[in-house]
Amino acid sequence: MNKAVKSRKNSRIKGIQMFLMLLPMLVLFFLFCAYPLFDSIYLSFTKYNGFTEPVFNGLANYKRLFSDSSWWRAVLNTFELTVMAYVIQIPLSLLLAILVNSKIKGQNFFRTIIFLPNVTSTAIIGIIFFFMFSSYNGIVNGMLQGAGLINRPVEWLGNVTSAKLIIILLNTWSQVGYLMILFLAAIQKIPTELYESATLDGASKWQQFKCVTLPMLGQMFQVISMMCILNGFQLFDSVKVLTGGGPGNQTSVMALYIYNYFFNSTGAQQGYASAVSVCATFITAAVGALYFLVTSKKFKEN
Amino acid sequence: MTHLKKGIAAALSLTMVLGLTACQSAQGNAAGTEGALKETQGQAAETENKDSARAVKAENVMEKHASGDDASGEKVELTFWARASSADNNQTITMDEFNASQDRIHVTVECYGDNYEEVLKLACNSGEVPDIFEISGLSDVKSYIDAGLAYPMDEYLTEELKAEFNPSAFTKYAYDGQVYAIPHMTRYIRVYYNRDLFEKAGLDPDNFPTTLEGMYDAAKAITEAGNGEFYGFGLPIKSGSTWERNIDDIAILSGLTGPYGFDYTTGKFDFSKQKPIIEYFAKMYEDGIMMPGSESIDIEVLRANFIANKVGMYFDGNWMVNGYNNEIEGGDVTNWDTALVPVFEGTERAKDYLMLESGHCISSSSEHPAEAFEAISYLLHNVYSAPARKDASKVAPSLSLIDKDNAEINASPEVQKLKGIKGLSMDTENLSSFTVTPHSALTLEGDSRDTVYPLLIIQGSSMDMDAELDKLSETYNSALENAVSEGLLEEKDLKPEGFDYYTR
């Protein structure tokens, strides 16, 4: 009896202890995630410029959203950049992971070199890329002019296509190291016996990769892909620094579009920005859910 | 022992919770959402806990003021937020002088630069607005009044005082017959050009072209002479204000439209009227006469390149005469000058566009509006003469709305010796503002002019310019209708009777 009371007491203390340990996280979560989230849902039904009282305007912001072609262009740009990033980054990081996992000289050196850009802030990388690709006094133009390949500086960031390619290049360079480390961790978890028996069965390196490595990556592959996709949807700093969405919103992405309405120093439209961010949340969640749905089925089958 | 461990663990958790909660106000600024910001402001207001009486509503203040409650004999402390990037600016110098000139009022000046609007917005939400602040581009005057920010200053405006100013001073920030701020600066646009580069291109620097066609030819000649070293014209496409400085200014001088393509003869926005000017700059861009990289540079970068002898000419505000002579390093070394903005050949020239943007407001939560006005009045009368009194080398032209001050200061030999002074207007006679500038009162539901124009310049030839400009006019006109129906603008102001661009 005494023991039972004691253990009940113990579990209660344990419960309190756990709650206290979680509390800092919960406080921050409610303050900086839950509260702003609900507040923006409320603001999305209002007309609000950030300093006068919000005025309820029903579904007007949402109606406007559906006919706002600039917003949908930003959504399309986000999809484009995400798909491009995925198509380039996933195979590249997997390839790099396999390469640095093989017995090559200076393995750690390569790992560090490839991972290093990830340590630097994207905004700083953005500024460096801006200096590299800026039309006037840019490093790339300087090199091309020096080599006599061009006469007049190329407007890398003024042209929509080249600007998008530079954004992708920047993101690939900064992200690929991180994705490579994740792949590396997953590859190193694969039991070596599998490779040994495959070798005994006479499987080539390619066959080993296709029939052992790839299937064994399984869930990890799914998680890494998911991260890559979500990173794409959160794309903001690199675009902000490189092009600012310009020229004429042509390279804008979802997060930047919201930011521009939210923090416009002259005539901010925070009510509309909130409606747009609610829409962006739904789009991102829908893509995430769809991806999980499709891939989990596939992984289960496997 | 286990109890002790558990006790320590619990205590540690508690400390962590308290620690993190205490930290949150510092972290708040990084959180990019309105909700988080609001929360932080609340916290900041609590933490700073300045003076609870500061939160008193405007009505109470008025009552207090009427009863003369603040005549306690002690020095009145006022705060003033100046829009300036360094503490050594004209407004701070003038306020220091004001503090020294009497012993009843002390004004503390705090400077905020590019983030002025954001800081003011935060202050508004947390009820921490200073006694004096600069009315900015945050929104229209009515929004400032609705948000409880601005206090009318009519009761302090004597007829004598009014007579000193250019009449535009009392129209820009007026609402419902009351004045909420008085601008302290006359802004207008001039061409800044490099005399040395003009000579290198075989042009006469004493005769700046008077037509846009002539300016195009000069820019072309400079670019050709530069051979990749320097270029004819600079257009900082990344800066939002570029279009007001370049395209609007030419449109106003040519009697085509007002600012932002607003046509005061029809009371509607009509961006298509600015098409010839857009095409002019688009051609410059396409022909490679413009400085490369224009699409991704802002005005600061352009100024740096101008001073480094890389750009032949560009459009900038009259205040840069002071900027280059006294503030920007190397500005006094480069051989530059100013000239009037040209118009197309055969176009009759209208008055220069006078922009009035730096007005000072008394906060409606200020406990000492009369003293705040006294400080503002001192500033308006002395802001152009005080810096030179402090440091004789800081001589600058006066850009005041008080013509008497302009005449006095600008006639002095020191000012006359300044670079670029010849191109400036010495009085406000040939300058004229517009009673209302409707674009500032609009909530646009679509791309703004600042978003569309860059595209028209960069991809000019491949775009259907007419369709883009019509769409832009449509966006602005539909927002205009909303603003009128909300009472932000009055129809009679939009289409003043007998309006003429040449006699305004």
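Biologist: In this predicted model, what makes strand S8 (residues 189-194) of chain B a partner of S12(B)?

Modeller: Five bridges join the two, and they run antiparallel. Pairing needs at least two bridges, so S8(B) and S12(B) count as paired. Within that pair, B:Arg190 stands opposite B:Asp316.

Biologist: How do you know that strand S9 (residues 231-233) of chain B pairs with S12(B)?

Modeller: Two bridges link S9(B) and S12(B), in the parallel sense. The cut-off is at least two, so the pairing holds. Here B:Tyr231 stands opposite B:Val311.

Biologist: Why is S12 (residues 311-317) of chain B called largely enclosed?

Modeller: Seven of its seven residues are buried. Buried means 20 or more other C-beta atoms within 10 Å. So the rest of the structure largely encloses S12(B).

Biologist: What makes the span of helix H11 (residues 275-286) of chain B close to the expected one?

Modeller: H11(B) has 12 residues and reaches 16 Å from its first C-alpha to its last. At 1.5 Å a residue, 16 Å is expected.

Biologist: What puts B:Met284 in contact with B:Ala219?

Modeller: Contact means C-beta atoms within 7 Å. B:Met284 is among the residues that B:Ala219 touches, as are B:Phe233 and B:Met313.

Notes:
Residues numbered from 1 in each chain as written. Chains lettered and ligands numbered in written order. Predicted model: local features only at pLDDT ≥ 70, side-chain atom pairs only at ≥ 80, totals over all residues. Contact = placed C-beta atoms within 7 Å. Buried ≥ 20, exposed ≤ 12 C-beta atoms within 10 Å, placed from the backbone. Helix = DSSP H or I, 4+ residues; strand = E, 2+ residues; numbered from the N terminus. Expected span 1.5 Å × (residues − 1). Lists of a residue's contacts leave out its neighbours within four places in sequence.
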